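Dear colleague,

Here is the structure we spoke of handing over. My notes on its cavities and nonpolar cores follow below.

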Amino acid sequence: MQTRANHAQTFRHTPNSVKPLNEAKIAALLDQEWARYKETTSKSGIEHDAAKRVLPLGATSSFQHWDPYPLSIVSAQGAWMTDVDGRQLLDLSMGFGAMLAGHLNPDVVRELQTSLEIGTLFVTPSPISTDAAERICKRFGLDLVRFTNSGTEATMYAVRTARAYSGRNGIVKIEGGYHGSYDPLMVSSKPAIAEAGDEHLPNSVTPYGAVPGEVWVAPYNDAEAIEEIFKKHKSEIACLIMEPVLENIGIVLPDSGYLERVRELCTEYDIVLIFDEVKTGLTAGPQGASERLGVNPDLICLAKSIGGGIPLAAFGGDLRFMQTVVDGRMAHFGTFNGNPLAMAGVRAIDKICTPEALAKAENWNDQALLRITDVINEFELPAHTVGFGVKGCITWSANPVRNYRDYKSTNFQVAELSWLWSINRGIITPPGLDEQWLISLAHGQREIDILVEDFTSLAKSLRA
Ligand SMILES: Cc1ncc(COP(=O)(O)O)c(C=O)c1O
């Protein structure tokens, strides 16, 4: 049992005592729930057949797909979505965090409408992009920022900025860390254990089709591994890129002192530290995870939560790094960068996401996490709760998950059941078993009660 304490600004409760789950029962419940899924979502199945004819997997991103077919949604409002079968679904996915303010938040809609009245695209500087950049720089403590259209672009350009600054090309990343689809950052984002090699010094596993260059991989929460890589390859490494809190394999929290040590090492070895806050960002707190956790990266990548649901991302940091964009060592172009609609999204979110508004959502999240922890204890389930800011998840292992290898040894069968159980009872969490819920500004007591009661009904069935 791992006893290292998680960072004080994060939430994790492991169970007081556990009893094993009955695997045959889980399998039977899964059969029952898949049958129920097909019975109650037939129109989504029909939609999927039509979509498949023109879209690979019938979806616009492979993340959106699951077998036999995903739910097809027609509209969303506040914390709720409506599917093609007319079912009302509580949305706990909230656009992977991009819908932090809630679907069709009136303030966001108003700003977007105002922006459409002035034009859709200028491809030239505008007061609206200066305003958005000022807001982001002020909030996140950056000297300079550049906007992009997706998190993938933001992480790619941050890496290139580090390369231009350092004159080196190599990258260090965390095993199990997802940063979008730029070739080097796809290395070891979800490697097969058979290929992943040593736990302490993992192999760099390149997915088919990616041409990554030099990438070294370290386990999360293992600063010694980072130091070993730095010592050996210092002259080749431009940057270390990481999510400060891993949010693509559930939620994996930093041990107390880990991020501080990583910061020290990057400074000591003169390696640029990039925090990918595409998922954390405002969901971690009003100034993001870096501020909340008290560790300053050299460059930061933002997306999702900062744009009110409009395609938008950003990378930025201290002048000495961003100077490479000014002097042309790092070329950053893009037709849609900083378009008025995206900038209006930034303005709206910056106005709405006050410390008070985010604290209120976080209180709801804490309530959900504490009540679910009680259910886990009551039914002695081999599971635990993890939370950061307005996000939370249930991880199906009795012990804390501190890195990718721990995550891979959690119980994926019961995780699938837990997800499907919710889908069948009108709660939509993200597809895949590696995401977390998001309590947006549009969620409240009713939604928290639904989440907790749904989990309680699953716990009862598992122990029936
Ligand atoms: C941590 C992280 N970085 C980068 C990305 C890529 O962002 P996008 O999907 O906008 O390209 C994601 C997407 O989920 C992410 O979770």
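A cavity here is a set of points, on a 1 Å grid over the protein atoms alone, where a 1.4 Å probe fits but cannot get out; lining residues have an atom within 4 Å of a point. Grid points are joined across faces, edges and corners, and a volume is the space filled by probe spheres set on the points.

The model is predicted: local features need pLDDT of at least 70, side-chain atom pairs count only at pLDDT 80 or more, and totals for chains, interfaces and linings use all residues. Residues are numbered from 1 along each chain as its sequence is written, and side-chain values use heavy atoms, with hydrogens and water left out.

Cavities

There are two cavities of 30 Å³ or more. At least two of its residues come from each of α4 (127-140) and α12 (340-352); helices (H or I, at least four residues) and strands (E, at least two) are DSSP runs, numbered from the N terminus.

The largest cavity has a volume of about 470 Å³. Its lining numbers 31 residues, with C393, I394, S418, L433 and E435 nearest the centre. By class these are 18 nonpolar, ten polar and three charged. α15 (412-424) is one of the elements that supply at least two lining residues, and its six are the largest share. This cavity lies between domain 1 (11-100 + 354-463) and domain 2 (106-352), because both give residues to the lining; the bounds come from an automatic or database domain assignment.

Nonpolar cores

A nonpolar core is a set of buried Ala, Val, Leu, Ile, Met, Phe, Trp, Tyr and Cys residues joined through side-chain atoms within 4.5 Å, where buried means under 20% relative accessible area (1.4 Å probe, protein chains only). The largest has 44 residues, and L381, W396, W437, F455 and L462 have the most contacts inside it. Elements giving two or more residues to this core include α1 (23-40), α13 (355-378) and α16. Apart from it lies another core, of 38 residues, among them I251, F275, L293 and V386.

Regards

Definitions and conventions. On a 1 Å grid over the protein atoms alone, a cavity is a set of points where a 1.4 Å probe fits but cannot get out, and a pocket is an open set with protein on both sides within 12 Å along at least five of seven lines; lining residues have an atom within 4 Å of a point. Ala, Val, Leu, Ile, Met, Phe, Trp, Tyr, Cys and Pro count as nonpolar, Asp, Glu, Lys and Arg as charged, and the others, Gly among them, as polar. Buried means under 20% relative accessible area, exposed over 50%, partly exposed in between (1.4 Å probe, protein chains only).
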